[in-house]
Amino acid sequence: MESVDSVKNALRADFTWNRVGHLIARGVRAFPQAGIEYIADKFPIIGWLPRYNHRWIINDIIAGLTLGLMLIPQGLSYAKIATIPVQYGLMSSWAPSAIYAFMGTTKDLSTGPTSLISLLTAEIIDALHGDEWSPAEIASAVAMMMGIYGMAIGFLKLGFLLEFISLPILSGFISAVAITIILNQMDSLLGEPNVGDGTATQIRDIFQQLSRANGYACAIGFTGILLLTALDQAGKRWGKRNRIIWFLSITRAFIALVIFTGVGYAVNRSRGGSENYLFDVVKVQADGQEPPKVPSAALLSKVASRSVAVFVGSAVEHTAIARAFAVRNNYVTDQSQELTYYGVTNVFNSFFHAMGVGGAMSRTAVNSACNVKSPLSGFVTTAVVLVSIFKLVGTLYWIPKATLAAIIITAVWPLMSSPSVFYGYWKTSLADFISSMIAFWVSLFVSTELGIAAAVGFNIVYVLLRQVFATVRSLPDAQSSTSSELPLPLSVPHGDIPSHVNLPPDVRVFTFTDSLFFPNAYHAKHAIIDTVKTMHAPIFNGSSGPEQERMWSVTGEKRIAKMRRRAGITDATHLPPIGVLVLDFGRTNHVDVTACTHMKAMVQEVKMYGGDSVEVRFANMSEYVRQRFERAGWRLVDGWQSGSEGGSQDENQVTRVFDSLVDAALAPRRQSTRLGTSGSEKSSGESVNKGREKVSMREQV
C-alpha cells in the first residue's frame with residue numbers, strides 16, 4: 001500500500017502528467033465547438049456565400065470564361081509535357097475549379113495542370129512505363145498520392161513542414177524545370193525525329209539534327225511564338241488603356257490554338273493518312289469524359305515514394321501563389337485549408353484518369369486582372385472545359401504539335417529566374433547561393449527528385465554545422481572596440497525596455513529569440529502580422545477594413561476575431577492604430593535570404609493594414625546580421641544621423657537602425673508622417689495622447 005500511495009503522490013506532484021491532464025481536459029471541453037468550427041473551416045463557402053453581392057456576377061462570369069479559354073490550350077499542352085494523351089489534360093481541368101468554389105480561400109487562385117507537375121509526372125512515367133500500366137494510369141496514381149499527402153498535411157494543419165524548402169532552392173529548382181521543359185519541346189517545335197532523353201543528350205541531338213528539321217513545323221512553331229510574344233507585349237504596353245488589346249493578350253494561347261488548328265485542318269485534311277501530313281498534329285481522340293476508375297494498389301505502391309517530389313514542388317508553388325495574391329489584393333488565405341483543397345481535388349481527379357493539379361501563376365494573374373470577385377467564377381470555368389471535352393474533341397484533332405510546343409515554351413519561359421536573382425543570392429549568402437546551384441544543376445542534369453533532395457539536405461547539414469561550430473568570443477577582445485559588449489544587455493540604454501518607460505499605444509516591439517532563417521521565417525512573419533492585426537486597428541482608407549470589395553472573404557475576419565477573443569479584447573473600436581513597429585535583433589546571430597525576403601513581405605503587409613505612415617525600425621543588430629540585410633537589398637541607416645528629418649520621396653524605403661530598444665521605440669517620427677497632422681493620422685495622434693500612460697506589450701517571436 002505504501003508503494004501505491006507513493007506512486008499516487010508522485011503522479012499528483014508530477015508536473016508533466018498534470019500538464020498532460022490539463023491539456024486533455026481542456027481539449028475535451030473545447031471539442032464540440034472546435035469540431036463544428038473545424039468542419040465549417042473546410043468549406044469556406046458557408047461563410048462568404050450569404051454575403052455575395054449580386055452585382056459581382058458579371059465579373060465572375062467574365063473571369064470564369066477567360067480562364068476556361070486559357071485552360072483548353074494549357075491543359076492540352078501540359079498533358080503533352082506529361083507524355084500522356086493530350087485529351088487527358090482537358091479531363092484534368094474541369095473539376096478543380098468547381099471544387100475550389102466550395103473549399104478555396106482565395107478569389108484569385110486558378111488550379112489545374114501546371115508545367116512543374118507535368119514534367120515531374122513525365123519523369124515517373126518514363127521510369128515505370130513498360131510495366132503493365134499505361135502512361136495515363138501512372139499519371140492518375142501520381143495524382144492520388146499527391147492528394148493523399150496534401151490531405152494528410154492539410155487536415156492535420158502541418159503546412160509548416162513545407163517551409164523547410166528555402167526560396168533559393170525553389171528558384172534553382174523551378175528554373176531547371178523550365179529549361180528542361182523547353183528542351184523537351186524542341187523536337188516538336190523543329191519537327192526533328194529521334195531526339196533522346198536527358199539534358200546533355202537533348203542539346204547534342206537538337207543541334208546534330210538541324211539539317212533534318214521539318215520546315216513546315218518550324219514555320220508553324222516560330223510563327224506561333226512570334227504571335228504569342230507580340231500579343232503578350234501589346235497587353236503589357238497598351239492593355240491598361242485598351243480593353244480589347246487586354247483581352248486579346250490574356251487569351252493569346254486560345255487565339256493561337258484556333259488559328260493554327262484551322263491551318264492544320266486546311267493543310268492536312270485532304271492529304272490521306274497521317275504519314276502524308278506536312279507537319280505532325282496532336283490527334284486528340286476521345287468520346288467525352290471516361291467513367292471513373294480507382295488506381296490499382298500495386299501501382300500506388302510503386303509511385304508513392306516517387307510522388308513526394310511532385311507533391312513538395314507543386315504544394316509549395318500552390319501555397320506561395322495563394323499567399324502572394326492574397327497580399328496583393330488585401331485579403332487573408334488559409335495555408336492549411338489550401339493544402340486540404342489541394343489534396344481533395346487531386347484524389348477526386350485521380351478517379352477520372354486525370355493528372356495532378358495545383359495553382360498556376362499565369363492563370364491566377366489573369367484571374368486577378370479580370371477583377372474576379374469570388375471563387376464562384378470556377379463554375380463558369382468548369383462549364384467551358386466540359387463543353388470542349390464533349391463537343392470540341394474532333395476539332396482539336398488537327399492542332400499542330402509545333403503550336404502546342406510554342407504555347408508551352410512561351411508559358412514556361414517567365415518561370416526561369418534571371419541571373420541577377422542568383423547573383424543576389426551570391427551577394428547575400430554563400431550557403432544560399434550554393435543550395436540554389438545544387439537544386440539547379442542536379443535537377444537539370446540528373447533528376448528533379450535528386451535535385452530538390454540534395455539541396456534540402458545541404459541546407460539541413462549547413463544549419464547543423466552552424467550549431468556544432470558555434471563561435472565563442474572572449475571579452476575584452478583586442479580586435480574589437482574598446483568597450484566590452486558584456487554590460488550592454490544589462491544597461492538601460494542598450495538592453496530591454498525598463499518597466500518605468502511608457503510607450504505610446506501605437507508602438508509595438510517584437511524580439512526574435514533565435515536566428516531567423518528558412519524554417520522559421522514564415523512563422524515569424526505571420527506571428528508579427530497576427531499580433532499587429534489583433535492589437536491594433538486598421539487604417540480605414542478603402543484598402544483595409546470593412547469595405548464591400550472584401551466582403552466575399554471571411555477567413556481573415558474569423559482569424560482576427562478568434563485571436564482577439566484569446567487576447568481578451570471585447571471592444572475592438574478603441575484599439576489604437578499601428579504607428580511604429582520595432583524589431584529587436586539582439587538575440588539573432590544569423591539570417592538568410594529567405595528571412596530577408598519574408599521580412600520585406602511582412603513590412604508590405606503591415607503597411608497595407610496600417611498605412612504608409614507606419615515606421616519599421618530595427619534595434620540591436622549585429623554587424624553580421626546588418627550586412628546580410630543590406631546585401632539582400634535593404635536600405636539601412638543609423639538612427640537619425642543621415643537624412644533624418646528630410647521629407648525625401650524615398651524616405652519610406654529606408655529602415656532605421658538603433659542601438660537600443662528604447663531609442664528605437666521613442667525616437668522622433670518622420671516629420672512628413674508625424675501623428676496628429678491631418679485626417680486619420682490626427683485621430684491616431686489623439687489616441688496616442690489619451691493612452692500614453694499605457695505600456696505596449698512586448699511580443700516574443
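This is a predicted model: local features need pLDDT of at least 70, side-chain atom pairs count only at pLDDT 80 or more; totals for chains, interfaces and linings use all residues.

Trainee: What makes Lys-558 and Asp-41 a salt bridge?

Mentor: Their closest N and O atoms are 2.9 Å apart. The cut-off is 4 Å between a Lys or Arg side-chain nitrogen and an Asp or Glu carboxyl oxygen, so the pair qualifies. Lys-558 sits in helix 25 and Asp-41 in helix 2, 517 residues apart.

Trainee: Why is Lys-558 called partly exposed?

Mentor: Its relative accessible area is 39%.

Trainee: Which label does Arg-626 get, buried or exposed?

Mentor: Buried, because its relative accessibility is 14% and the buried limit is under 20%. Arg-626 forms a salt bridge with Asp-638, with closest N and O atoms 2.4 Å apart. Arg-626 lies in helix 27 and Asp-638 in strand 6, so the bridge ties together parts twelve residues apart in sequence. Asp-638 is partly exposed at 37%.

Trainee: How do you know that the span of helix 16 agrees with expectation?

Mentor: Helix 16 covers residues 335–350. At 1.5 Å a residue, its 16 residues should span 22 Å; the end C-alpha atoms are 23 Å apart, which agrees.

Trainee: Why is helix 16 called largely enclosed?

Mentor: Because 14 of its 16 residues are buried.

Trainee: What caps the N-terminal end of helix 16?

Mentor: Asp-334 does, with a side-chain oxygen 3.1 Å from the backbone nitrogen of Ser-336. The polar contact limit is within 3.5 Å, so this distance passes.

Key:
Residues are numbered from 1 along each chain as its sequence is written. Side-chain values use heavy atoms; hydrogens and water are left out. Helices (H or I, at least four residues) and strands (E, at least two) are DSSP runs, numbered from the N terminus. The expected span of a helix is 1.5 Å times one less than its number of residues. Buried means under 20% relative accessible area, exposed over 50%, partly exposed in between (1.4 Å probe, protein chains only). A polar contact is a pair of N or O atoms within 3.5 Å; within protein, one must be able to donate a hydrogen and the other to accept it, and residues adjacent in sequence count only if both atoms are side-chain atoms.
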